[in-house]
Amino acid sequence: MVQIDVSAPLLTVFYNTKCPVCDAGIGWQKRRLITAVKQGKIAFEDINLEPDALKAYGATLEDIRRRLHALDSGTLIVGADVAIAIWRLTPGKGWLASLFG
């Protein structure tokens, strides 16, 4: 039987706050997803504070600085798949997830 940590967010996005474009984009998303963040459905983590956070998945700090990475219910997703996962949780953006997913 698989144990699921119900306290862990369904989606944890790792991003680079030192990149002005990444930081601004995630900041915009956070504001749109404030309810989902408060409900624990999504979390945003600065990879610079936890550089080895995804080491067990084979992702280096430089990999994460170049492309978005996330854990989606414990599964590593990268790049456009992260954007699609975020859109699924963003009010009014589910159509984008359907179109590109």
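Trainee: Let's start with Ile86: buried or exposed?
Mentor: Buried, as Ile86 has a relative accessible area of 5%. Buried means under 20% relative accessible area, exposed means over 50%, and partly exposed is in between, with a 1.4 Å probe and protein chains only.

Trainee: What should I know about the model itself?
Mentor: This is a predicted model, where local features need pLDDT of at least 70 and side-chain atom pairs count only at pLDDT 80 or more, while totals for chains, interfaces and linings use all residues. Residues are numbered from 1 along each chain as its sequence is written, and side-chain values use heavy atoms, with hydrogens and water left out.

Trainee: OK, back to Ile86. Where does Ile86 lie?
Mentor: In helix H4. Helices (H or I, at least four residues) and strands (E, at least two) are DSSP runs, numbered from the N terminus.

Trainee: And which residues is Ile86 in contact with, leaving aside neighbours within four places in sequence?
Mentor: Leu11, Val13, Gln29, Leu33, Ile42 and Phe44. Contact here means heavy atoms within 4.5 Å.

Trainee: How far apart are Ile86 and Lys30?
Mentor: In sequence, 56 residues; in space, 10.0 Å from C-alpha to C-alpha.

Trainee: Which residues of H4 are buried?
Mentor: Val82, Ile84, Ala85 and Ile86. Their cover includes S1, helix H1 (20-32), S2, S3, S4 and helix H5 (94-100).

Trainee: How many residues does the largest nonpolar core have?
Mentor: It has 13, and Leu11, Val13, Ile42, Phe44 and Ile86 have the most contacts inside it. Strand S1 (11-15), strand S2 (42-46) and helix H4 (80-89) each supply at least two of the core's residues. By nonpolar core I mean a set of buried Ala, Val, Leu, Ile, Met, Phe, Trp, Tyr and Cys residues joined through side-chain atoms within 4.5 Å.

Trainee: What is Ile42 in contact with?
Mentor: Setting aside neighbours within four places in sequence, Ile42 is in contact with Pro9, Leu11, Val13, Leu33, Ala36, Val37, Ile86 and Leu89. There's also a second, separate core of 6 residues, including Ile47, Leu54, Ala59 and Leu71.

Trainee: New topic. How many helices and strands are there in the protein chain?
Mentor: There are 5 helices and 4 strands, and along the sequence they follow the pattern β-α-α-β-α-β-β-α-α.

Trainee: What about the radius of gyration?
Mentor: The chain has 13 Å, which agrees with the value near 13 Å for a compact globule of 101 residues. That radius is taken over C-alpha atoms, and the globule rule is 2.2 Å times the number of residues to the power 0.38. Buried residues make up 32% of the 101 residues.

Trainee: And what box do the C-alpha atoms fill?
Mentor: Roughly 40 × 35 × 25 Å, taken along the principal axes.

Trainee: One last thing: where is Ser73 found?
Mentor: In the loop between strand S3 (69-72) and strand S4 (75-78). Ser73 counts as exposed because its relative accessibility is 55%.

Trainee: What is the phi of Ser73?
Mentor: Positive, about 50°, although Ser73 is not a glycine. Most residues other than glycine have a negative phi.
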